[in-house]
Amino acid sequence: MTHLKCIECGTTYDIDEIIYKCGKCDGILEVVTDIEELRNKISTDKWKGRSLSVWRYIDFLPIKDKINIVTLNEGGTGLHRCKRLAEKIGLKKLFIKFEGENPTGSFKDRGMTVGVSKARELGVSIVICASTGNTSASLAAYAAKSGKQCIVLVPAGKIGVGKLAQAIAHGARLIQVKGNFDDSLDMVFQLCERNNQIYLLNSINPFRIEGQKTIAFEVSEQLGVPPDCMVMPVGNAGNISAAWKGFNEFEAVGLTNSKPRMIGIQAEGASPIVNAYRKKKIRVEPILFPETVATAIRIGNPVSWRKALNSIYESNGYAETVTDQEILDAQRLLAQTEGIFAEPASATPIASLKKLLDQGVINKSDSIVCVATGHGLKDADVITRVFGKPIEVEADIDAIEKSLNLLVKYDRWLEEPSST
Ligand code: F0G
């Protein structure tokens, strides 16, 4: 039977128990899928007729009754072959899985459709999360769709304006916490402890991970086989763990014969997982004051650190950091060579590729999938702030032509960025 299990001590729990951490050792939980049962379910091949989406894989997901599904049509995102970008970096088979194509513009929707469906199945009426922005935008939308109240706590002044706008527009009760994401998540835990009517939907909730694992299924089907390497940004460390779970399950039921190396990328100023990996540790030391332009992954104490490290170690993967400048350069390069506008956190995999290639971590003939986790419009501010503002010219054809000539002459598109 599919059940919940503590990843530290192995204690098991019923799939319908509302619990986020192990009662015995405080470890985090995962859904253990009954592989035999799953093999039987998918043997009819009926699922292969469904379109590419999270719910194509309903047999892999721990939702008992279809009637409870809360969906905005998530998943089914494009896997873009990036020839121009690959050439610039010196690779042969580079793909971007663009998760910005999801309904609220990030991969969080994969997890939220399952998490909020589970919330409906459990009969809870209030949902909550702490967030660097995307989780709150997604939860607010799915809560609205399912008629639930939604509370979100975000680090004050440190989330992209687009994300804030989404949470507000969808009617979430939003509190800006004077502190960072880690402080906000701590407050959320405490609120849930004080009030058991509030259901926690951060990625510590194992049903979120279940939805997010479908990215591995989609990538495997889109390519025909799993890639050699899956390069992903790491923040609270749920998504890389989810993808790894997905690749394992697809292999366990016999749909694939290989698994990719999982490569986790963090910003230099917020890199607890990379630090642990470099020291070959099995434990993560939190960073008290994480800082990076990639606010989505500005996290010092990732809750799913154990799962993420397991994914990296078990897959013979790797972990690397990138600087803020490398992130912004990669964001621009992706947008200007492939037409894909991703937010800074989502550009971290691209930012790492040259380094990974130079260090011999990846080979130029490897098939590489970089996950671009969220849409660039989420954090449009960063573009004008960092790259500069468009120039303003009178509606006079001579003035326009003169300015255009100057922009071409100096190979510039914008004014110089301001220092603020
Ligand atoms: N990329 C984006 C765009 C994100 O928003 C996040 C996390 C990540 C990558 C990292 O994923 O946490 O699973 O390792 N955003 C969370 C949020 C923390 O609150 O929106 P992770």
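How do H12 and H13 stand to each other? They are roughly perpendicular, a term for angles of 65 to 115 degrees, with those under 35 counted as roughly parallel, those over 145 as roughly antiparallel and the rest as oblique. The model is predicted, so local features need pLDDT of at least 70 and side-chain atom pairs count only at pLDDT 80 or more, while totals for chains, interfaces and linings use all residues. Residues are numbered from 1 along each chain as its sequence is written, and side-chain values use heavy atoms, leaving out hydrogens and water.

**View 1. Helices H12 and H13.** The axes of H12 (residues 324–338) and H13 (residues 348–358) cross at roughly 105° and come within 8 Å. Axes are lines fitted to C-alpha atoms, for helices over the stretch in contact, and angles run from 0 to 180 degrees between N-to-C directions. Helices (H or I, at least four residues) and strands (E, at least two) are DSSP runs, numbered from the N terminus. On the H12 side, the contact (heavy atoms within 4.5 Å) is made by Glu326, Ile327, Ala330 and Leu334, and on the H13 side by Thr348, Ile350, Ala351 and Lys355.

**View 2. The sheet of six strands.** This open sheet has mixed pairing and the order S4-S5-S13-S10-S11-S12; two strands pair if DSSP finds at least two bridges between them. Strand S4 (79–81) and strand S12 (318–322) are at the edges with a single partner strand each, so one side of each has no neighbour in the sheet. From one strand to the next, the twist averages 25°. Strands S10 (residues 229–233) and S11 (residues 261–267) run parallel and are joined by five bridges. Met232 is opposite Gly264 in S11. H13 packs on this sheet, touching S5 (93–98), S10, S11, S12 and S13 (367–372), and its direction makes about 105° with that of S12.

**View 3. The sheet of three strands.** The order of this open sheet is S2-S1-S3, and the pairing is antiparallel. Four antiparallel bridges pair S1 (residues 3–6) with S3. Cys6 has Leu29 of S3 as its bridge partner.

**View 4. Surroundings of the ligand.** The ligand is surrounded by 21 residues (a heavy atom within 4 Å), the closest being Thr132, Gly235, Asn236, Ala237 and Thr373. In polar contacts (N or O atoms within 3.5 Å), a polar backbone atom of Thr132 is 2.8 Å from an oxygen atom of the ligand. For Gly235, a backbone N or O atom lies 2.8 Å from a ligand oxygen atom.

Notes:
Polar contact = N/O pair within 3.5 Å; in protein donor to acceptor, adjacent residues only side chain to side chain.
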